[in-house]
Amino acid sequence: MSNRYVGGFSQSSSPKIMIVCEAPTLTDVASNRLFSNSRELDDLLRDAGITKSLCYLTAVSKYYVPPSPKKGGYKTPFSTRAHEAGIDLQSCVDELQNEINQVKPNLIIGIGKTALNYITGKKSLDDYRGSILQGMGCK
């Protein structure tokens, strides 16, 4: 496990799109860069005509959160796993809100259920996939 901080970043001075994932992977921690091994995301963005280098990339937690152990189909919630890893999730969410306020993106793309939940308060990914939602003071 790692408690190394991996912050959000953009290669653009004025990104209009923010992409938010759950937390850095171990590969991200090793390279100190979010989305460091994201071929599938790169392909999806390319297909949508979005240049990743023009986006702001960040995470709900800037610290690695271990994956849920495989226990008979039960998945340990992100908040529980973060707490068990010693991560102050409220501080992480406050930091994400500050990033959103500073970057002022036109669009926030949440990657996965955790990002959806912490950006919008919505719980069910299936109910909102592909939707335009209000979240953290933005639409």
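These entries record what I looked up on nonpolar cores and aromatic pairs in a predicted model.

**Entry 1: the largest core.** I began with the largest nonpolar core, which has 17 residues. Met18, Val20, Val60, Val65, Phe78 and Leu96 touch the most other members. I then noted which elements give two or more residues to this core: strand S1 (17-21) and helices H3 (78-84), H4 (89-103) and H5 (113-120). H4 supplies the largest share, 6 residues.

**Entry 2: valine 20.** I listed the contacts of valine 20, leaving out residues up to four places away in sequence. The list includes Phe35, Thr58, Val60 and Leu96, and also Ile108, Ile109, Gly110 and Ile111. Ala115 and Ile119 are among the contacts as well.

**Entry 3: another core.** I found a core of 14 residues apart from the largest one; Phe9, Ile17, Leu57 and Ala59 are among its members.

**Entry 4: aromatic pairs.** I looked up the aromatic pairs and found 2. For tyrosine 5 and tyrosine 63, the ring centres are 5.6 Å apart and the planes stand at 75 degrees, so I recorded the pair as edge-to-face. Tyrosine 5 belongs to the segment before S1 and tyrosine 63 to the loop between strand S2 (55-59) and H3; they are 58 residues apart. I noted tyrosine 5 as partly exposed at 35% relative accessible area, and tyrosine 63 as partly exposed at 27%.

Phenylalanine 78 and tyrosine 118 also pair edge-to-face, at 6.2 Å centre to centre with 70 degrees between the planes. This pair links helix H3 to helix H5 across 40 residues. I recorded phenylalanine 78 as buried, with 6% relative accessibility, whereas tyrosine 118 is partly exposed at 22%.

Methods: Residues numbered from 1 in each chain as written. Predicted model: local features only at pLDDT ≥ 70, side-chain atom pairs only at ≥ 80, totals over all residues. Heavy atoms only, no water. Core = buried A, V, L, I, M, F, W, Y, C linked by side-chain atoms within 4.5 Å. Buried < 20%, exposed > 50% of the residue type's maximum accessible area, 1.4 Å probe, protein only. Helix = DSSP H or I, 4+ residues; strand = E, 2+ residues; numbered from the N terminus. Contact = heavy atoms within 4.5 Å. Phe/Tyr/Trp six-rings, centres within 6.5 Å; stacked < 30°, edge-to-face > 60°.
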